[in-house]
Amino acid sequence: MNSFSKGALYVVATPIGNLDDLSRRAMDTLAQADLIAAEDTRHSVRLLDHIGVRVPLVSLHEHNETSRIERIRQALDDGQRVALISDAGTPLISDPGYRLVQALREAEYTVIPIPGPSALITALSAAGLPTERFLFEGFLPAKGAGRRQRLSDVVELPVTIVLYESPHRIRQLLEDVETVFGERHVVIARELTKTFETFLQGTAGSLLARMAEDADQMRGEFVVMMAPAPEKAPADSGQIDGDQLLSSLLEEGVGVKQSASVATRILGGRKSDWYQRAQALKDNGFCK
């Protein structure tokens, strides 16, 4: 039997799909808790029913987290053991809990992590992308301009980029990834640990085509991963002149978007930058 500290907050990772992924230590922690702070109490009741645990619940989500801090502090002062859980996975990772944990740490309360499932790590472990360095960006802005700006900020980094996305915006995200990342290799994981767990890989454009053919591929929650940026060729290596390449393509009747894609594949860099250069060449009449 594990030893549990009174007056401590336990940050407990819970399954992201398959309920059998809940660890024995996590089950014991939830069973021994005096109070459980849950992102959605109605959702968490199903997990607690599954493991036969009856513990008082209090909601703690993005809209009430700050106001709940004093309630949790009072419980800890009374010697209670409080568990923090999210709807799925590890709390605080694109989920509520940061403000609570920060406040308790600053006040020198005991905060104990109970590790377990995380969609981020689960997806990376099976994606076949480099994992020695990666950048987790969570959910990008809902609006296109903000989303594209965030993608542009990381497109040249030599690390694997990891994002979360909902089924409602997965197409818009992949369209922006295609614009900014061009032909970069992308892996998407959906419905992790569930019956219809799926990994798809290819360019953002090919993944969009796959979704157009099979609407079921847009269901579930997504982890989207992009390969690291390729190494740049030396500037003095006699490489092809970009404007000359774009002008030749445009003169042959290739569209601006397609010309930008070709330049990205051959010369590297951001597809969005090549698109702007190709459009400028066309507008300024530097091609026939």
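How far apart do the C-alpha centres of domain 2 and domain 3 lie? In this predicted model, they lie 26 Å apart.

**View 1. The chain and its domains.** The protein chain splits into three stretches: domain 1 covers 8–117, domain 2 covers 120–226, and domain 3 covers 242–286. The next two views take up domain 2 and domain 3.

**View 2. Where domain 2 touches domain 3.** On the domain 2 side, eight residues are in contact, and they meet seven residues of domain 3. The size of an interface is often given as the accessible area lost when the parts come together. Here domain 2 and domain 3 bury about 670 Å² between them, with 50% of it on carbon and sulfur atoms.

View 3. Arg270 pairs up with Glu156 in a salt bridge, and their closest N and O atoms are 3.7 Å apart. As for who supplies the domain 2 side, helix 7 (residues 170–181) gives the most, with three residues. Sorted by class, that side of domain 2 has two nonpolar, three polar and three charged residues.

**View 4. An aromatic pair, Phe136 with Tyr164.** The structure holds two aromatic pairs, and one of them is Phe136 with Tyr164. A pair of aromatic rings is described by the distance of the centres and the angle of the planes. For Phe136 and Tyr164 that works out to 4.9 Å centre to centre and 70° between the planes, an edge-to-face arrangement.

View 5. Side chains of opposite charge can pair when their charged atoms come close. The count for the structure comes to 12 salt bridges, and Glu65 with Arg99 is one of them, with the closest N and O atoms 3.7 Å apart. Glu65 belongs to helix 3 (residues 65–77) and Arg99 to helix 4 (residues 98–106), so this pair ties together parts that are 34 residues apart in sequence.

Note on methods. Residues numbered from 1 in each chain as written. Predicted model: local features only at pLDDT ≥ 70, side-chain atom pairs only at ≥ 80, totals over all residues. Heavy atoms only, no water. Domains from an automatic or database assignment. Contact = heavy atoms within 4.5 Å. Buried area = accessible area lost by both parts, 1.4 Å probe. Salt bridge = Lys/Arg side-chain N within 4 Å of Asp/Glu carboxyl O. Helix = DSSP H or I, 4+ residues; strand = E, 2+ residues; numbered from the N terminus. Nonpolar A, V, L, I, M, F, W, Y, C, P; charged D, E, K, R; others polar. Phe/Tyr/Trp six-rings, centres within 6.5 Å; stacked < 30°, edge-to-face > 60°.
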